[in-house]
Amino acid sequence: MGAQKKSSAAAAARISDDPEELSRVPLQAVLLADSFTTKFRPITLERPKVLLPLANVPMIEYALTWLESAGVEEVFVFCCAHAKQVTNYLQCSQWLSQPNFSVATIESHNSVSAGDALRLIYERNVIHGDFILISGDTLSNMSLNRALQEHKERKKKDSNAVMTMVIKRSKLSPVTQQSRLGTDELFMAIDPDTKQLLYYEENTNHLKGTLSLDKMLLIDNPSITLHNDMQDCFIDICSPEVLSLFTDNFDYQHLRRHFVKGLLVDDIMGYKIYTHEIHSSYAARVDNYRSYDTISKDIIQRWTYPLVPDVLLFGNSATKLEREGIYRATEIVQSRSAQIGPLTVIGNGTRIGNNTKITNSVIGKGCSIGSNVLIEGSYIWDNVTVEDGCQLKHSIVCDGVVIKSGSVLSPGVVLSFKVVVGQNFTVPAYSKVSLLPQPTKQDSDEELEYADNNSDIETSPIAGAHDNLNGELTSDLTDMQSSAAEELGSGGAGYIWSICEGASEEEWRHSVAPVPAEKLAEISQTIDDDLDFSYQDGNAPASSGELKPGGLSDSDDDDVDANNDSAYFEKEVEATFLRAVHENVKVDHVILEVNSLKLSYNMEFAACAGAIFYSMMKLALGTPYNSSAELYNAVVNVLTSWKRLLKSYLSGKDEEIEIILKFEEMCSELAKELSPLFTKILCFLYDKDMISEDAILDWESEKNYADESDRVFVKQAEKFLQWLREASEEEEEED
């Protein structure tokens with residue numbers, strides 16, 4: 001059901017110069033339901049990316065829910081590849097019947113880029129003012145009010161201010177040179193006063209650490225901030241001129257590579273792009289399999305609230321949040337001997353057999369999980385059958401897959417729809433398996449051809465609203481199963497796609513599986529010499545830096561950046577530690593990852609020790625307990641299990657004092673249930689040689705002249721401190 005075209009005269013009447021008239025134009029959005037990429041092959045040959053589940057909810061649901069909550073009134077969903085599936089989904093959903101939120105679709109069967117999509121939208125004449133431009137695989141909980149206000153105020157002063165891009169701070173791993181979303185390094189130059197974007201360069205690996213800026217850019221802008229620590233959220237506030245610019249320039253295909261960079265180097269028209277940085281809000285785009293994994297974990301850990309499983313109702317069943325980040329649907333059948341570990345989502349109607357262990361994973365609806373199955377860090381979609389004795393680690397398993405008994409999915413495996421893995425078969429790491437044979441070419445518009453030539457297959461069931469289509473899909477895929485070569489063992493069905501030439505590097509970089517420790521060690525070894533040379537030469541680039549006459553920077557801004565960095569660093573360390581706990585990662589490998597974060601955020605050992613201790617305490621607090629004694633035992637168990645990790649960052653008295661200060665902060669502000677146990681846990685840390693006598697007594701000395709409110713835990717530990725002082729004096733007398 002495409003959007004109705006309106007006359008150009010009516011459109012012209014709506015686009016008025018009168019501010020009051022402009023304010024009456026409903027806030028509109030364009031949602032691109034096609035990513036125009038092939039990164040989610042082979043899955044997207046059968047289903048559009050926006051309908052793939054993210055924590056058991058289709059991606060487009062997150063985008064539409066956010067747009068509605070942000071005050072958008074009209075959304076135009078642009079459908080291209082698998083357009084029929086998207087329109088069918090929306091017709092069966094709630095979105096076409098919302099009272100103050102209009103959703104209409106615009107279909108195209110020959111657009112091969114975002115540029116083509118925006119040119120078609122311009123022809124339809126449906127946009128009447130400023131609009132939000134996002135992709136359907138974007139998830140956010142930010143408020144648009146401030147960004148919209150900034151955009152409108154700039155536009156009043158300068159009609160050439162046509163776009164505002166939303167950005168967010170995001171540090172790169174110094175080892176892989178990737179963000180936590182699996183995206184490559186991005187360089188931006190921004191005017192720190194006006195927030196105007198002056199330079200944009202993505203995929204900068206080919207630059208090998210060098211950056212060339214036009215001399216005129218430096219001459220024309222007295223102050224420039226250079227960033228390689230920003231994430232493009234792919235949320236844009238656009239003026240209507242953006243659409244006409246795409247229409248006037250048919251070589252604009254890609255939003256960033258062509259349009260943004262084209263405007264930045266165009267000196268004739270003078271159009272400008274600005275940025276809006278968000279801090280506490282969440283915004284990210286599912287760009288590849290690694291970001292799929294990262295964003296799924298963020299949802300489960302509630303960074304995206306209120307877009308979380310127990311609040312974002314989807315389908316006919318409710319989901320309940322339990323301790324340790326476990327989400328269960330109301331109607332599941334679980335054996336008493338089965339173990340559901342932390343950070344796991346279990347969908348409605350799923351059955352779980354004896355002695356099965358599931359951790360850090362998402363299980364869809366209607367799945368059958370057998371006995372003695374191990375599932376770690378994996379995403380199992382709807383109606384999947386996993387027979388007895390299987391092992392699945394860091395894999396994606398699509399609807400209707402059957403994994404026969406004793407089979408193993410190695411890290412990074414992707415099984416597309418209705419694949420069958422034969423008995424006792426091990427699918428090699430990073431394999432992509434489909435009932436569809438691998439295409440002979442890799443054009444981004446190829447999914448259009450599959451959608452056109454396999455119209456029955458494309459009506460894959462997405463949710464309960466599409467169950468009536470299941471019969472058609474099953475018959476077609478059954479024919480495929482019978483013709484697929486038995487590359488997956490006896491009784492298996494599916495083609496294992498070969499890795500394209502030159503793409504082997506992308507497999508581990510963009511996989512749902514963590515980067516292998518041996519790969520991290522290998523990369524670290526190769527870049528050590530280069531880093532040493534850069535620092536000796538004084539040319540090592542900072543994560544961001546402001547260029548001003550005299551090289552001076554604003555100390556207040558530096559303090560804000562430092563505070564933000566500390567918060568981001570603690571979050572990254574906590575995520576690394578939790579993954580290590582749930583996936584049984586070796587301590588040496590955790591140390592390697594934390595060291596990478598330490599280098600990336602330019603942190604001291606004390607900050608690492610504090611972040612690790614904080615993560616340990618949070619893990620203990622997440623363990624079920626009914627009394628202080630049980631909580632103390634949980635703390636002791638965590639500290640004992642991970643003592644070597646913590647000790648690796650306790651290189652001296654300063655680091656040990658940081659641990660006490662962090663513990664004091666948690667007891668007084670963040671986790672008051674630990675307060676009565678402060679002295680007892682402090683004694684344990686001392687007894688196990690994690691914190692020295694000198695560090696504890698120095699901490700006490702630092703509190704001598706503090707306010708009474710800051711001496712609460714010194715007073716609580718008075719008897720222990722007295723014992724330490726007396727023991728110290730006796731040792732001195734003996735000497």
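**A first look around**

Visitor: How much accessible surface does the chain have?
Guide: This is a predicted model. The accessible surface of the chain comes to about 32,000 Å², and carbon and sulfur atoms account for 47% of that.

Visitor: And what share of the residues is buried?
Guide: Of the chain's 735 residues, 54% count as buried.

Visitor: Okay, how many helices and strands are there?
Guide: You'll find 24 helices and 36 strands in the chain.

Visitor: Let's pick helix H17. Is it largely enclosed or left open?
Guide: Largely enclosed by the rest of the structure, because 14 of the 17 residues of H17 are buried.

Visitor: What span should H17 have, and what does the model give?
Guide: H17 covers residues 605-621, and at 1.5 Å a residue it should span 24 Å. Its end C-alpha atoms are 24 Å apart, so the two agree.

Visitor: Switching to sheets: what's the strand order in the open sheet of 6 strands?
Guide: The order is S17-S20-S23-S26-S29-S32, and the pairing is parallel.

Visitor: Which strands stand at the edges?
Guide: S17 (333-334) and S32 (420-421). Each has a single partner strand, so one side of each has no neighbour in the sheet.

Visitor: What joins S17 to S20?
Guide: 2 bridges, with the strands running parallel; S20 is residues 351-352. As for partners, Val333 is bridged to Arg351 in S20.

Visitor: Last one: of the contacts between residues at least 6 apart in sequence, what share joins residues at least 24 apart?
Guide: That share is 62% in this chain.

Terms used:
Residues numbered from 1 in each chain as written. Predicted model: local features only at pLDDT ≥ 70, side-chain atom pairs only at ≥ 80, totals over all residues. Heavy atoms only, no water. Helix = DSSP H or I, 4+ residues; strand = E, 2+ residues; numbered from the N terminus. Expected span 1.5 Å × (residues − 1). Buried < 20%, exposed > 50% of the residue type's maximum accessible area, 1.4 Å probe, protein only. Contact = heavy atoms within 4.5 Å. Areas by Shrake-Rupley, 256 points an atom, 1.4 Å probe, with all protein chains shown as cover. Pairing = 2+ DSSP bridges.
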